[in-house]
Amino acid sequence: RLWISSMEEEAIRAGFQNLRPGSDYDGLHQAALCRSKADWLVGINATRLFSVMYHRTLNVGRVVSPTLALLVQREAEINAFQPESFYTVHLDFNGFSAAGERMKEQAEAERLAGDCNSKTAAVTSVVQTKKTEKAPALYDLTTLQRDANRLLGYTAQQTLDYLQSLYEKKLCTYPRTDSRYLTDDMEGGVNALALCCAGICGTEPPAAVCSGQVCSSKKVSDHHAVVPTVAAGETDLETLLAGEREILRLVSRQVLMAVSAPFVYLETEARLDCGGNAFAAKGKTVIQPGWKAYADAELTDKALPELSEGQSLPVSSCAVKDGRTTPPKHFTEDTLLSAMETAGKEDMPEDAERRGLGTPATRAAVIEKLVATGFAERRKAKKSVRLVPTETGVSLITVLPEQLQSPLLTAEWEYRL
């Protein structure tokens with residue numbers, strides 16, 4: 001049998017030189033058999049039982065039910081949440097501002113603001129820390145689906161469909177992957193890949209391509225990370241569907257970020273004292289933009305002016321700002337995919353390779369199934385689309401035994417399979 005996880009010529013040749021007896025992989029056959037029996041035991045039997053008991057079709061499944069339980073639990077947390085008001089005093093100095101501790105009483109905050117108005121504040125400490133943020137890894141399917149949902153508003157299923165289409169047009173590598181690295185044998189082609197991605201994004205490649213940081217055969221399971229193919233760089237992007245073009249650019253941008261140098265900045269934290277009350281201010285100075293040069297986010301944090309311990313600063317104005325504690329957020333497809341990926345993680349052994357609910361290939365279909373069967377619905381909010389359980393969905397989780405709605409059962413099975 002030929003066993004390969006990369007379609008590069010080198011990998012295919014190496015695979016043919018190391019043909020393995022089929023019996024080496026009998027475990028895969030047995031795992032697949034167990035998986036189908038588990039789906040039968042939970043999915044078919046429990047669906048029949050609950051449908052007969054409640055006189056309507058109630059789909060139960062070893063992945064679909066725990067995923068619905070996540071939505072129902074989040075909804076319960078939001079409904080039970082009691083917001084609390086708080087107040088913070090902000091001192092304005094020419095060029096920057098410092099904030100005090102949160103306070104529960106408005107009168108107390110107003111009094112503090114009055115005490116500090118037109119006074120001077122003393123700088124009690126200035127701490128500067130050099131910080132480094134490593135470049136993100138390449139995309140696996142789930143991370144791409146999350147970013148496409150957050151940045152482009154696509155559902156997990158739409159992203160998978162566009163990616164599958166790009167794969168069939170030989171413009172992207174295999175989509176259904178849970179690896180975020182390339183294999184070691186691909187390191188030689190990373191420079192060309194970065195050049196190709198820069199062309200797709202209409203930008204310059206990084207000055208120095210760090211190809212070693214995206215290659216690790218140890219971290220590749222069945223398939224390597226999602227990257228564009230060389231053919232994608234030679235294709236007229238205008239001939240593609242808008243969605244395919246957007247996804248191809250997103251994947252290319254991730255490659256450029258992944259092979260870039262780290263983002264390095266200096267964080268300054270100043271503590272000030274005004275009339276015996278403590279205030280704090282933070283600032284950032286970028287030393288090396290690195291991978292952030294390709295990120296959408298603007299580097300908004302301002303640098304603090306030069307400050308030294310013991311320095312006195314006149315307070316130019318004071319303001320009391322009020323806020324309220326916020327409830328947990330509704331799930332979006334981005335955050336639900338993340339929750340599915342890490343479900344049951346804290347109770348799993350450290351070396352568990354596959355954790356969570358479902359696989360990268362099935363998560364989008366699970367979300368679509370919850371919506372199609374009427375257990376969850378998509379609701380448009382200001383900037384995002386929320387996933388909310390319906391009354392039927394809440395009722396189903398209320399009557400399901402704990403074992404069938406716990407992510408632990410299926411997460412542990414996946415690990416042992």
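**Helix packing and a buried valine in a predicted model**

Reader: How are helix 3 and helix 11 placed relative to each other?

Author: The axes of helix 3 (residues 64-80) and helix 11 (residues 363-372) come within 10 Å and cross at roughly 70 degrees. Axes are lines fitted to C-alpha atoms, for helices over the stretch in contact, with angles from 0 to 180 degrees between N-to-C directions. This is a predicted model, in which local features need pLDDT of at least 70, side-chain atom pairs count only at pLDDT 80 or more, and totals for chains, interfaces and linings use all residues. Residues are numbered from 1 along each chain as its sequence is written, and side-chain values use heavy atoms, without hydrogens and water.

Reader: Why are helix 3 and helix 11 called roughly perpendicular?

Author: Angles of 65 to 115 degrees count as roughly perpendicular, under 35 as roughly parallel, over 145 as roughly antiparallel and the rest as oblique. The crossing angle is roughly 70 degrees, and helix 3 and helix 11 are therefore roughly perpendicular to each other.

Reader: Which residues meet where helix 3 and helix 11 are in contact?

Author: Val64, Thr67, Leu68 and Leu71 in helix 3 meet Val366, Lys369 and Leu370 in helix 11, where contact means heavy atoms within 4.5 Å. By class, this contact has five nonpolar, one polar and one charged residues. Ala, Val, Leu, Ile, Met, Phe, Trp, Tyr, Cys and Pro count as nonpolar, Asp, Glu, Lys and Arg as charged, and the others, Gly among them, as polar.

Reader: What makes Val214 a buried residue?

Author: Buried means under 20% relative accessible area, exposed over 50%, and partly exposed in between (1.4 Å probe, protein chains only). Val214 has a relative accessible area of 3%, so Val214 is buried. Val214 lies in the loop between helix 7 (190-201) and helix 8 (230-233). Not counting residues up to four places away in sequence, Val214 touches Leu138, Tyr181, Leu182, Val190, Ala258 and Val259.

Reader: How does the reach of helix 7 compare with the expected span?

Author: The expected span of a helix is 1.5 Å times one less than its number of residues. Helix 7 has twelve residues and reaches 16 Å from its first C-alpha to its last, close to the 16 Å expected. Helices (H or I, at least four residues) and strands (E, at least two) are DSSP runs, numbered from the N terminus.

Reader: Which residues of helix 7 are buried, and what covers them?

Author: The buried residues are Val190, Leu193, Ala194, Cys196, Cys197, Ala198 and Ile200. Their cover includes helix 8 and helix 9 (242-258).
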